[in-house]
Amino acid sequence: MGYGIRILAQGPRACFTRPEMKAERVSYDCITPSAARGMIEAVYWKPAIRWHIDRIEVLNEIRFGTFRRNEVGGKLPYRNAKAAMERDEEVHVFAIEDRQQRATMYLKEVAYVITAHFELTDKAREDDTVEKHYNIALRRFRKGQHFNQPVFGCREFPAHVQLLEGACEPPRSAYAGTGKRDLGFMLYDVDFDHDMQPMFFRAIMEDGVIDVSKAHEAVVS
């Protein structure tokens with residue numbers, strides 16, 4: 001097991017979309033392990049390391065909200081845009097002709113404590129040590145640096161990420177002492193080595209905590 005960190009992630013809105021909902025966006029009850037890993041990778045990631053989520057603690061009560069918005073049904077193909085650029089031509093997307101309205105069921109006022117660790121990959125070189133990458137990660141978290149803005153599922157929902165260390169402790173979970181709660185099957189990760197195969201696990205929240213470290217043993221595709 002590699003070196004670990006613990007972070008507090010907060011934000012006014014979040015949406016971790018269930019893949020079984022085809023037309024409308026409906027969020028899971030809490031952040032998924034893959035979304036938590038993406039949030040950490042937005043702060044620090046290198047090909048030499050791989051982050052693993054060990055534990056997710058839900059601090060705030062799970063509450064949903066809804067809104068509707070206009071979206072464009074399709075997107076401009078990359079090849080068309082590249083060809084137009086090479087020919088110095090204009091290219092257009094007519095939003096009025098391709099407009100559609102979609103509903104989103106999102107989470108309100110979310111806060112999570114995420115515990116994670118990283119391990120070296122087969123792309124690590126001789127000068128890639130766990131101490132080196134651990135110190136870089138700590139420095140970036142402490143300074144609030146990131147490669148991309150950490151988000152809660154969608155780019156419209158930014159996340160404030162804070163490193164928890166020393167005497168810094170988060171608030172008590174709203175679900176502390178409430179026992180077990182079955183959140184159903186949740187997306188664990190995507191297997192990019194096997195044709196982007198999605199993997200799922202049975203998310204059991206006990207006293208506000210989801211033990212993700214045990215999920216890898218029981219994932220299903």
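Buried means under 20% relative accessible area, exposed means over 50%, and partly exposed lies in between. The exercises below apply these classes to a predicted model.

**Exercise 1. Determine whether E57 and R55, which form a salt bridge, are buried or exposed, or in between.**

Solution. Begin with the pair itself: the closest N and O atoms of E57 and R55 are 3.8 Å apart, which falls within the 4 Å that a salt bridge requires. Finally, take R55, which at a relative accessible area of 34% is partly exposed.

**Exercise 2. Describe the salt bridge between R202 and D182, and state where in the chain its two residues lie.**

Solution. The side chains of R202 and D182 meet with an N to O distance of 2.9 Å. As to position, R202 belongs to strand β8 (residues 197-206) and D182 to strand β7 (residues 180-191), so that the pair links distant parts of the chain, 20 residues apart. For accessibility, R202 has a value of 44% and is partly exposed, and D182, at 44% relative accessibility, also counts as partly exposed.

Salt bridges that share partners also join R37, E41, R50 and D189 into one network, and in total the count for the model comes to 15 salt bridges.

**Exercise 3. Explain how E41 and R37 are placed in helix α1, and how enclosed that helix is.**

Solution. First, E41 and R37 form a salt bridge in which the closest N and O atoms are 3.1 Å apart. Second, the two residues are four places apart in helix α1 (residues 33-43), and therefore about one helical turn separates them. Third, R37 is buried, with a relative accessible area of 11%. Lastly, 10 of the 11 residues of α1 are buried, so the helix is largely enclosed by the rest of the structure; among these buried residues are P33, M39, I40 and V43.

**Exercise 4. Identify which residues of the largest nonpolar core touch the most other members, and which element gives the largest share.**

Solution. The core has 51 residues, of which F16, I31, I40, Y112, I114 and F152 touch the most other members. The elements giving two or more residues include β1 (4-14), α1, β3 (49-58) and β5 (99-120), and the largest share, seven residues, comes from β5. For Y112, leaving out residues up to four places away in sequence, the contacts include I7, F16, I31, I56 and F152.

Terms used. Residues are numbered from 1 along each chain as its sequence is written. This is a predicted model: local features need pLDDT of at least 70, side-chain atom pairs count only at pLDDT 80 or more; totals for chains, interfaces and linings use all residues. Side-chain values use heavy atoms; hydrogens and water are left out. Buried means under 20% relative accessible area, exposed over 50%, partly exposed in between (1.4 Å probe, protein chains only). A nonpolar core is a set of buried Ala, Val, Leu, Ile, Met, Phe, Trp, Tyr and Cys residues joined through side-chain atoms within 4.5 Å. Contact means heavy atoms within 4.5 Å.
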